[in-house]
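Work through the exercises below with the sequence and the model open. Each task is followed by a solution in steps.

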Amino acid sequence: MPKTSARLLSLLSLLQTRRDWPGTLLADRLEVSPRTVRRDVDRLRELGYPIVAIKGPDGGYRLGAGAQLPPLLFDDDQAVALAVALQLASTTGAGIEEAAARASSTIRQVMPARLRHRIDALQVTAVDRPAARPDPHVDPSVLTTLSAAVRAREVLRFDYASPSQTGDDPAGSPPRRVQPHHLVSWERRWYLVAWDLDRNDWRIFRADRITPRIPGGPRFTPRELPGGNVAAFVTGRFRGSVDSGDWPCRGEVLLTLPATVVSRYTREGVVEELGPNRCRLSMGSWSWVGLAAAVGRFDADIEVVGPAELHAAFARLAHRYADAASHRTKTLADD
């Protein structure tokens, strides 16, 4: 490689590692004169790299943002991380699968052989979880608009479509006006956490149902989420608990199974070993009957520790299951 070309690549790599570079420090790193650095910066500008000159006693340079994305340099670990992330892009629900596949192919083509071998050894097959219906994908431009409004702290106006266009969002309803605070991903769906100005309360909106309106509104002062943590807030809302991130219904039972077996099939429950074939399970659910049904999936004897609501839920399920069994028995007898 010609000396000048190698030096340009080294200069570009340095400019990407920190925000501001004094000209004298760049010259020292490249072992050239400040005049040579200035000439090399001009060559990079001709290639499309937006390098900004910094005024000051020593002067310096900064790699800025341009109208187009110029070629970039990555170290080995960055290149591998980017390639793996692109393989997982199909599970984000952001509608970028085709673009991610093209980007992955582009990156792999220019990788040195040693990195291609690492990528081939880390081949990932992104498998979507089974669903009764496909998860909706969000237009990337909508995500960009929502993210920009969150970052700028500007009131957002949008049309919001419910599945049947009924309830809070009938057809022809006026646009929603919100103060957007967070754009989050939850189980392959994108949501906007915002303060609804017309309803005077926090709301969580599905991004795939949002159609932004232009222009937006004025800037606003951010509010504090209940609990102060967006993860806990979103988790609590989806679990049916407004004030906390915990399940609204939580109970405790004893099971005639080893703790090692129960823990393998309990995502969020707490399992305590009481003996070789006995354990204590504490877990939560959105309803008492739902909690009882979740415990019932373990093929074991159950002793309810509490609370009383869980006792009652098991009694209701027992009646329902007994009725279902007797109906099946009667049908077979009639046949």
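**Exercise 1. A loop leucine**

Is Leu197 buried, exposed or partly exposed? Find its place in the chain and its contacts.

Solution. This is a predicted model, in which local features need pLDDT of at least 70 and side-chain atom pairs count only at pLDDT 80 or more, while totals for chains, interfaces and linings use all residues. Residues are numbered from 1 along each chain as its sequence is written, and side-chain values use heavy atoms, with hydrogens and water left out.

Step 1. Leu197 has a relative accessible area of 25%, so it is partly exposed. The cut-offs are under 20% relative accessible area for buried, over 50% for exposed, and partly exposed in between (1.4 Å probe, protein chains only).

Step 2. Leu197 sits in the loop between strand S6 (189-196) and S7. Helices (H or I, at least four residues) and strands (E, at least two) are DSSP runs, numbered from the N terminus.

Step 3. Leaving out residues up to four places away in sequence, Leu197 touches Val155, Arg177, Val178 and Gln179; contact means heavy atoms within 4.5 Å.

**Exercise 2. The chain as a whole**

How many helices and strands are in the protein chain? What share of its residues is buried?

Solution. Step 1. The protein chain has eleven helices and twelve strands.

Step 1. Of its 335 residues, 32% are buried.

Step 2. Take the contacts between residues at least 6 apart in sequence: 57% of them join residues at least 24 apart.

**Exercise 3. Aromatic pairs**

How many aromatic pairs does a search of the whole structure find? Describe two of them.

Solution. Step 1. The search finds five aromatic pairs. Rings of Phe, Tyr and Trp (its six-membered ring) pair if their centres lie within 6.5 Å; planes under 30 degrees apart count as stacked, over 60 as edge-to-face and the rest as tilted.

Step 1. One of the pairs is Phe158 with Phe205, edge-to-face at 5.2 Å centre to centre and 80° between the planes. Phe158 belongs to strand S4 (residues 156-160) and Phe205 to strand S7 (residues 201-206), so placed that the pair links distant parts of the chain, 47 residues apart. Both Phe158 and Phe205 are buried.

Step 2. Trp195 and Trp202 also make an edge-to-face pair, with 5.5 Å centre to centre and 85° between the planes. Trp195 and Trp202 are both buried.

**Exercise 4. Two helices in contact**

At what angle do the axes of H1 and H3 cross, and which residues make the contact?

Solution. Step 1. The axes of helix H1 (residues 3-17) and helix H3 (residues 34-46) come within 10 Å and cross at roughly 85°. Axes are lines fitted to C-alpha atoms, for helices over the stretch in contact, and angles run from 0 to 180 degrees between N-to-C directions.

Step 1. H1 is therefore roughly perpendicular to H3. Under 35 degrees counts as roughly parallel, over 145 as roughly antiparallel, 65 to 115 as roughly perpendicular and the rest as oblique.

Step 2. H1 contributes Thr4, Arg7, Leu8, Leu11, Leu12 and Leu15, and H3 contributes Thr36, Asp40, Val41, Arg43 and Leu44.

**Exercise 5. A buried threonine**

Where is Thr266 found, and which backbone oxygen lies 2.8 Å from a polar atom of its side chain?

Solution. Step 1. Thr266 is in the loop between helix H9 (259-264) and strand S10 (270-275). Its relative accessible area is 10%, so Thr266 is buried.

Step 1. The oxygen belongs to Val262. A polar contact is a pair of N or O atoms within 3.5 Å; within protein, one must be able to donate a hydrogen and the other to accept it, and residues adjacent in sequence count only if both atoms are side-chain atoms.

Step 2. Beyond four places in sequence, Thr266 touches Val271, Leu281, Arg297 and Phe298.

**Exercise 6. Backbone exceptions**

Which residues does the cis peptide bond with omega of about 0° join?

Solution. Step 1. Most residues other than glycine have a negative phi, and most peptide bonds are trans.

Step 1. The cis bond joins Ile214 and Pro215. Another, with omega of about 5°, joins Gly306 and Pro307.

Step 2. Glu31, not a glycine, has a positive phi of about 60°. Glu31 is exposed, with a relative accessible area of 73%.
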